[in-house]
Amino acid sequence: MLPLVLGGGILYWMYRDFAFDAIEHILFHEMDWTWMLLSLPFGILAQAFRGWRWKQSLEPIGEQPRNSVCVNAVFMSYASSLVVPRVGEFARCGILGRYDGVSFPKALGTVLTERIVDTLIVLFITLFAFATQIGIFNNFFSTTGTRIDTALAMFSATGWVVTFICGISACFSFYLIFKKLAVYERIKSTLSGMWQGVSSLRRVKSMPLFLFYSFAIWGSYFLHFYLTFFCFDATASLGATCALLCFVVGSIAVIVPTPNGAGPWHFAVKTMLILYGVTDEKALYFVLIVHTIQTLLVVLLGIYAGLSLAFTKPKNHQLQATL
């Protein structure tokens, strides 16, 4: 319940004095729906590319899932994460195990590898945006009170040493405890399977294709977001640079575990838009409408995936029918 309460609390704080009665007028009389509709295929493509890349990651470790199951599993993972944040990563591994007999630990290991690759790409995009727009970023950190140097300055040299020693001690203690428990061997075998999944990246059949999928995922995410700028007069003329900065801070904000980043994403993107001269009211309208429509797309893809999987026979059933 904590992620729901956190996201709801941030949204209530942002929209407590908001004029919701004007949204209907904006949706039907001011908003250009053509650009919104053009943005939606890129939201679908981002998830499809993720499913195709996942299949490629699983093949080097002896798993042969179907493309359709991989993509539907990704669709379901995003939809299920709207209910319980981050649960989708486990749900999609379970779906692959149920329909294509893929080892859960191995699948989870490849998901971990994906997250590492995605983190590196987001870091690259962030550094590029930071280097080209350092002044705007400084204003953003000052406005939101999230300056990293200020947070790090709160730790003294002794504090860093004590924190490091406590961290090492905690890890060693957990190791000793788990070694004494009956589930130790099961955990050990699970971690072994996960490591096979993590190391699969070294043996992918086509590294150029893997990299293409990886950058295509984030390129699609960006276009899914950027095209919505042209739906509103207040953001239509801000340009790709502003969209990139909003995309970066929004991508970082969704690290906070709330359903689809609700709350932190709204706050981060709204703050960046204000720094570019958008009024507070219009920035609030933008983030509310865009996030809501994109979340509805996630829901619809989840429903589609659920129906599609309902008519998909597990591989072991297909094998029995063939025999």
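Biologist: Is L209 buried, partly exposed or exposed?
Modeller: L209 is partly exposed, with a relative accessible area of 33%, where buried means under 20%, exposed over 50% and partly exposed in between, using a 1.4 Å probe and protein chains only. This is a predicted model, in which local features need pLDDT of at least 70 and side-chain atom pairs count only at pLDDT 80 or more, while totals for chains, interfaces and linings use all residues. Residues are numbered from 1 along each chain as its sequence is written, and side-chain values use heavy atoms, with hydrogens and water left out.

Biologist: How do helix 11 and helix 12 pack?
Modeller: Helix 11 (residues 207–226) and helix 12 (residues 239–253) pack at an angle of about 115°, with their axes 10 Å apart; axes are lines fitted to C-alpha atoms over the stretch in contact, and angles run from 0 to 180 degrees between N-to-C directions. That makes helix 11 roughly perpendicular to helix 12, as angles of 65 to 115 degrees count as such, under 35 being roughly parallel, over 145 roughly antiparallel and the rest oblique.

Biologist: Which residues make the contact?
Modeller: From helix 11 they include W218, Y221 and F222, and from helix 12 they include A243, L244 and F247, with contact meaning heavy atoms within 4.5 Å.

Biologist: Switching to helix 2, which of its residues are buried?
Modeller: In helix 2 (residues 23–30) the buried residues are I23, I26 and L27. Seen down the axis of helix 2, they fall within an arc of 95°, so they line one face of the helix, the arc being that of the directions from the helix axis to the C-beta atoms. The face turned away from that buried side carries the exposed residues E24, F28 and H29.

Biologist: What covers the buried residues of helix 2?
Modeller: The cover includes helix 3 (33–58) and helix 14 (280–310). The axes of helix 3 and helix 14 come within 11 Å and cross at roughly 45°, and the two helices are therefore oblique to each other.

Definitions and conventions. Helices (H or I, at least four residues) and strands (E, at least two) are DSSP runs, numbered from the N terminus.
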